[in-house]
Amino acid sequence: MKMKPHLLLQILLFFLATFTTNTLSKQQQPPSPSSSLVSQLNQQLSQKKTRPSNETIYKVSKQLCWGCIAESLEFLFRHNLVRATKWELPLMWDFQLEQYARWWASQRKEDCKLEHSFPENDFKLGENIFWGSGSDWTPSDAVKAWADEEKYYTYATNSCEEGEMCGHYTQIVWKTTRKIGCARVVCDSGDVFMTCNYDPVGNYVGERPY
Ligand SMILES: *[C@@H]1O[C@H](CO)[C@@H](O)[C@H](O)[C@H]1NC(C)=O
């Protein structure tokens, strides 16, 4: 008996996703603000009085991205800028999430399809994806495109404008999300694919992000 290739792929994806989730949950813990700068920012955000400066958010993001490459820091910093506008604590970079994102980006290198790594309604991690024509798109462009969906989001009704998407935005500012890992790839076509994974996953139906 021969299995259909897409079924095999689904099974493989399922095991991979399960494995990833299990591995991640073992080391899941609240961000330990080890440095005084991180705890100062966290305190400032909790008090919701004075807006932290971009410079502070950048410095803290750097500390929460220890040993990461410049591209990763750009992804993280841009996310934390958006989160700070809603007084949300900064995310920290996670190398396992990065590894997962890199795996998915490498899968998309050939076709550059704007496709999720998880089947619809079965997201083990949060996941935002981006596609752009041409090779110049940066992590900042991706985060900006996602964050710009804010204009379609209404907090009072916790809903998106008809026919628009805002799930990328709500995942970015999702309160209980703590860690992120992203990847960027220039596809064989010369276009750019980017993907970010979030843990814990956000966008629970019927729940507000913040
Ligand atoms: C901080 O960053 C945001 C987002 O990129 C930008 O809109 C704003 O102008 C920056 N503020 C300062 C003071 O640089």
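This is a predicted model: local features need pLDDT of at least 70, side-chain atom pairs count only at pLDDT 80 or more; totals for chains, interfaces and linings use all residues.
Colleague: Got it. Is N203 buried, exposed or partly exposed?

Modeller: You'll find N203 in the segment after β6, where its phi is near 60 degrees, a positive value in a residue other than glycine. It has 17 C-beta neighbours inside 10 Å, so N203 counts as partly exposed.

Colleague: And N121, buried or exposed?

Modeller: N121 sits in the loop between α5 (95–108) and β2 (126–132). Its phi is positive too, near 65 degrees. Here the count is 6 other C-beta atoms within 10 Å, and the cut-off for exposed is 12 or fewer, so N121 is exposed.

Colleague: Which residue is the bridge partner of C182 in β6?

Modeller: Strand β5 covers residues 179–186, and 8 bridges join β5 antiparallel to β6, residues 192–199. Within β6, C182 is partnered by C196.

Colleague: On the β1 side, which residue of β5 stands opposite M92?

Modeller: β1 takes in residues 92–93, and its pairing with β5 is parallel, over 2 bridges.

Colleague: How many of the 8 residues in β5 are buried?

Modeller: β5 pairs with β1 and is joined to β6 as well. The strand is mostly covered, and the number of buried residues is 6.

Conventions:
Residues are numbered from 1 along each chain as its sequence is written. A residue is buried if 20 or more other C-beta atoms lie within 10 Å of its own, exposed if 12 or fewer, and partly exposed in between; C-beta atoms are placed from the backbone. Helices (H or I, at least four residues) and strands (E, at least two) are DSSP runs, numbered from the N terminus. Two strands pair if DSSP finds at least two bridges between them.
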